[in-house]
Amino acid sequence: MLGQRAVAVGAARVYQAGRDLHVHEVVDRRLAEPPPPSRPGDLVPRPLPSTVQRVPRAPMRGRADDLAFLRDTVAAGRHVVLTGPRGAGKTLLLQHAANTGALSGRALGDGVGVVWLDRDPGSAADVLREIAHRCHEVDAGTVLPEGLARDVLGAVRALVVLDGVDLPPEEARLVLSAMPRSVFVLSSRREDLWPLGAQRPLGGLPLDDAVAMVRDELGDRVDPDAVADDWRACDGNPLDVVERAVVRDLAHRLGVLPQGATGPGALAQAVPVVLGSLTGQAGAALRPLVALGDVGWGAGLLAAVCGVPDAEGGGRLARKRLAHREDGRYRVNALVAEHAPAVADAELAAVVERVGEWVAGARPDAVAAELEVVERALRRAMAAGLPETALDLARAASSALAWTRHWGALATVLGLGVRAAVTAGSVRDELSFRYALAVCRLNDGHTRQAAELVAGALSLERDEGDGRLASRLRELDGEVRGLASRRPLSTVDSVLAGARAVRDACAHAVTSVPGGVQLVRLAQEHPALVRGVASITAVAGLVLATLSASGVGDPATAMPPPDVTVTGAPSVTPGGTADPRPTGADPTGADPTGADTAGVSRTGVPTTTAPGGVVGERTSGAVDNGRTGGRTSATTPPPPIPATWGFARVWSVELPIGTTQPLSGPVPDNGQANWTYGPWAMTTPAAGHATATHVAVGRQRVRLPAVGAPGGSVKVTAQDYAAWGGAVGYRPGVSCQPAGWFPDGVDEVVDVVCFDRDGNPDDVPFFLRYVAGSASATRGFVHDDRPTAATFTPDREHGVNAGTVTRTGVGRYTADFPGSAGGVVEVTAVGDAPRHCAVVGRRGQLADLACTTPDGSPADSAFAATFGVGQNLLDDPRKPVGDHVVVTGSGVVTARWASGDAPMTVERLSTGRYRAHFTNGYIPSTMQVTATSAGHHCSVMQFNDYSFPDDATIWVGCFGPSGVVADSGFALVYTSARIH
């Protein structure tokens, strides 16, 4: 198959990438070779060394406690995340830890080896491939499919060190989840990897140690007072202190800086003089380093670009400490880069062109080793308005990388190439890059992304007369569709599997823990067993009758019938997209090419489309610091987004990571289907079934079929079963929130993250409700994804019936909801960082919001807030049933609404625990809670709206900072889509 064939090539093979040769032709040549290993049994394990020896660039000073933490945490079998800014000493600490035995496979047991990666391959897929190559006997050029790499690494137990592999959290989770038996040590400048393991931030060194490090560099020429000034200015960052001391020393020796002169002014005066003293050859080597900034250059590449032998160029800069050299790579001194003359666009273009010339003649593996430089050159060229220059480099680099095993690096370059081709107006190059990128995605099992790329390319190919490329695109399209049409279970198998799952759940409920809690949980998960039954005794009888069937069978996941699309297995939507892997799509919802095409108009570039034909864009929970809210709109206002909605309950959170489960479908009355519903279920046959994929610890991806739309609002509430008294693996005080959401074809995808009471990722059940668009003026929402902006004015995707959001302080906001007076307002934090947001005040149409960290400290946060007046929040006249109630911490009702003016009651049971009863509810339904006290959060502890119609009881638990049970006001919103 096209997407599954990537070949091994000898290390001596060199491919000369001409500028007139397109990468799709190179990919086709590789596909014509014999296929790589395709089964785990084809790979032979390779013995790993139990220790590694590194060559530290300097003595280690001031890090004894950090070294002990690293040693003890690894010995305990826990992942470690070393964080800190550039120059904090992360790599140096790891080097000394390796040489002293603190990083040794023996700490984890006999026969455990060490895998050490000290260069960022660029993607999770390439990290996994690289580790698989280290652990198995594989030809150096073989491109292992990501799925195969995952399969073979699952059984490996090793100590894996990823030094400077700066993957985003979602990518890093994919790597760690592939090797559950291994222990990882990561070092990174990123500050958002703390959920992955025990974090150890590296701060500045003590002054005495900083002075000693400078003495290691300069000998007796050290000026302790000047070092002390630098130490204070740099917060003790060891590399910054050393760099300043080196420049000052050079200036002293040149006689241009008086002894004792310190401060930014003295350094700004010294740097130009020091640079002016360089020889012509050293100065020529410095310019490329300055042009691309903080990236590491290989000695051969730098010499080729500057036209100077290494000894006289980069080598001389390193000897003067104006550049750092480690493992044969050069990186410019940050102080030098800051004060060196700016690089003009013409000079940048020359540098990028010379990088491209080197790439065109270099060995493919050498090009892969310079990915950091190539990627930075492409991005700088695009930012400088040089798309043609970037396009030349993208052609050459992608053609070379296609001959290597580094197809993650290839995908990065191809994505940038798409952007360059679009900007330069080269349809043929865009087609070529998209075709090659689709093959890369398919090779790694990302069928949906491959389908999106092929669909976009096919819509473009009529504008380009390359018949061979058009033919290959159609062949690839056929392969993608063929893969997507496969189904793992027949209808009969699905139903039988579901029956076994129900039986096994009943058996576990009766035999595990005696008492009423388990029976309540069983009744909740299988309401059909208890409808109309008047006593727990009758419930037990039904359970025992169920158990009289055949013996316990293997658990199985029920699947929808063959004529229904389900996500998690490869499937094709009406838009032509397919998804094989729940975590394969870019978690940011970006273009699958990785290209940033903002401001670029291109007919045929694939976009997501809502059922009504509205072109969609991902709504992100990312923080956008320091910018005003709102987005510019076209002269002609876009049409309104039709109202749509969906809700889901995810209860079975203990399934293995990577498992996709149906939340509703052919197995009736399970513990999730009765609280999962949407317009997809209001047609015959159903338009699909909602699913949830366990992406990582504390992270679920929920797919709501046929309701995808631009923007919208999501509310998530944890079901804190531990607070109710359930035997679960977490303590009371947990929380959940949406990380982000986006339309994917006709579906809506919502990523949900959950945390324990301390803010660590944890697997927690939750309720989710999604709404978009509007059908009336009495329901509205705002999604503020720019929480540090002074004001935020939402566009049509970020708000409906909503005015400006004003930031009034750290974590404090006032949202203007015209027409919301007298209604209910709820809010949820959005993003990957644990936050609690509360509605702390109402003033007519204004709502005051407060967001905090789990310990109660104020913190800026993206959020989504929704209001409703005299109706439920679905805004759908077909489903009008619902209730909302606002309660004080003492249990006093201050505001209420119920459809049909149905009676309701609320009572405080004990500290932080409440019970609400509504007389108009029934399944399918959903429920959401919002605290009204700053620093607090509330959850649903337990509920029963399934035994009888018009009889819904919900138990609410509220918690203060750090998850302590505490009285708190709250707003409870109950919504029923009842069909009985």
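What follows is a chat about a predicted model of one protein.

User: Before we start, what kind of model is this, and how are residues numbered?
Analyst: This is a predicted model, in which local features need pLDDT of at least 70 and side-chain atom pairs count only at pLDDT 80 or more, while totals for chains, interfaces and linings use all residues. Residues are numbered from 1 along each chain as its sequence is written, and side-chain values use heavy atoms, with hydrogens and water left out.

User: OK, how many helices and strands are there?
Analyst: The protein has 26 helices and 38 strands, where helices (H or I, at least four residues) and strands (E, at least two) are DSSP runs numbered from the N terminus.

User: And how much of the protein is buried?
Analyst: Of its 980 residues, 57% count as buried, a word that stands for under 20% relative accessible area, with exposed meaning over 50% and partly exposed in between (1.4 Å probe, protein chains only).

User: Let's look at strand S6, then. Is it buried or exposed?
Analyst: Strand S6 (residues 183-188) is mostly covered, since 6 of its 6 residues are buried. Val-183, Val-185 and Ser-187 lie on one side and Phe-184, Leu-186 and Ser-188 on the other, and both faces are covered.

User: Which strands pair with S6, and in what sense?
Analyst: Strand S2 (residues 80-83) pairs with S6 in the parallel sense over 4 bridges, and strand S5 (residues 158-163) also pairs with S6 in the parallel sense, over 5 bridges; two strands count as paired if DSSP finds at least two bridges between them. To find these pairings in the structure, you can look for Val-81 opposite Leu-186 in S6, and for Val-161, whose bridge partner in S6 is Val-185.

User: Switching to helices, how do H7 and H9 pack?
Analyst: Helix H7 (residues 207-218) and helix H9 (residues 238-254) pack at an angle of about 45°, with their axes 10 Å apart. That makes H7 oblique to H9, because angles under 35 degrees count as roughly parallel, over 145 as roughly antiparallel, 65 to 115 as roughly perpendicular and the rest as oblique. The axes are lines fitted to C-alpha atoms, for helices over the stretch in contact, and angles run from 0 to 180 degrees between N-to-C directions.

User: Which residues make that contact?
Analyst: On the H7 side they are Ala-210, Met-213, Val-214, Glu-217 and Leu-218, and on the H9 side Pro-238, Val-241, Val-242, Ala-245, Val-246 and Asp-249. These divide into 9 nonpolar, no polar and 2 charged, with Ala, Val, Leu, Ile, Met, Phe, Trp, Tyr, Cys and Pro counting as nonpolar, Asp, Glu, Lys and Arg as charged, and the others, Gly among them, as polar.

User: What does Asp-230 touch?
Analyst: Asp-230, which is found in helix H8 (residues 224-233), is in contact with Val-241, Arg-244, Ala-245 and Arg-248, leaving aside its neighbours within four places in sequence. Asp-230 counts as buried, at 1% relative accessibility.

User: And Leu-378, where is that one?
Analyst: Leu-378 is found in helix H17 (residues 371-383) and counts as buried at 1% relative accessibility. Not counting residues up to four places away in sequence, Leu-378 touches Ala-390, Leu-393, Ala-394, Val-413 and Leu-416. Leu-378 and Ala-394 are 16 residues apart in sequence and 7.3 Å apart in space, C-alpha to C-alpha.

User: Back to sheets: in what order do S8, S9 and S10 sit?
Analyst: These 3 strands form an open sheet in the order S8-S10-S9, with antiparallel pairing. Strand S8 (297-298) and strand S9 (323-326) stand at the edges with a single partner strand each, so one side of each is left without a neighbour in the sheet. Helix H11 (residues 280-292) lies across S8, S9 and S10, running at about 70° to S10.

User: Last one, why is S19 called largely enclosed?
Analyst: All 10 of the 10 residues of strand S19 (residues 735-744) are buried, so the strand is largely enclosed by the rest of the structure. S19 is joined to strand S20 (residues 747-755) by 9 bridges, and the two run antiparallel. Their hairpin has 2 residues between the strands, and in it Gly-745 takes a positive phi near 65°.

Technical notes
Contact means heavy atoms within 4.5 Å.
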